[in-house]
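Work through these exercises with the sequence and the 3D view side by side. Try each task before you read its solution.

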Amino acid sequence: MTRDEVFERIRDYLSAELQVDAGAIGEATRFKDDLGADSLHLVELLVELEDSYGIRIPDDEAAKMETVGAVVDFVAGRVPEKAS
């Protein structure tokens, strides 16, 4: 799975869950400040990503992720390009 595919999947998920236009979600979009996401939304996103990609996102790492791009970087760095 490419980095772009990871971004699209995260963007689509956030758009559906938070009822935000997907076009308004970019790499620099901040979860809390720009999307109004609360901690429960973020936990649900991270669990979804862990389940989908078979990865583990440690709580200390998750706490540092404030933007969509930060999550994309983390996930894309741990998922082989051939994974789906």
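**Exercise 1: a residue and its contacts**

Find what Val-71 is in contact with, leaving aside its neighbours within four places in sequence.

*Solution.* Val-71 is in contact with Ile-10, Phe-31, Leu-49 and Met-65. Contact means heavy atoms within 4.5 Å. Helices are DSSP runs of H or I with at least four residues, numbered from the N terminus. Val-71 counts as buried because its relative accessibility is 1%. Buried means under 20% relative accessible area, with a 1.4 Å probe and protein chains only.

Before going on, note the ground rules. This is a predicted model, where local features need pLDDT of at least 70 and side-chain atom pairs count only at pLDDT 80 or more, while totals for chains, interfaces and linings use all residues. Residues are numbered from 1 along each chain as its sequence is written, and side-chain values use heavy atoms, with hydrogens and water left out.

**Exercise 2: the core**

State how many residues the largest nonpolar core has, and which have the most contacts inside it.

*Solution.* The largest nonpolar core has 26 residues. Such a core is a set of buried Ala, Val, Leu, Ile, Met, Phe, Trp, Tyr and Cys residues joined through side-chain atoms within 4.5 Å. Ile-10, Leu-14, Phe-31 and Leu-49 have the most contacts inside it. Now find the suppliers. Helix 1 (3–18), helix 2 (31–35), helix 3 (39–53) and helix 5 (68–76) each give at least two residues to this core. Helix 1 gives the largest share, six residues. Then look at Leu-49. Residues up to four places away in sequence aside, Leu-49 touches Ile-10, Gly-54, Ile-55, Ile-57, Val-71 and Val-75.

**Exercise 3: helix 1**

*Solution.* Next, list the buried residues of helix 1: Val-6, Phe-7, Ile-10, Tyr-13, Leu-14, Ser-15 and Leu-18. An α-helix has 3.6 residues a turn, so residues three or four places apart point the same way. What covers the buried residues of helix 1 includes helix 2, helix 3 and helix 5. Finally, step past the end. Just after helix 1, Gln-19 takes a positive phi of about 55 degrees.

Notes:
Buried < 20%, exposed > 50% of the residue type's maximum accessible area, 1.4 Å probe, protein only.
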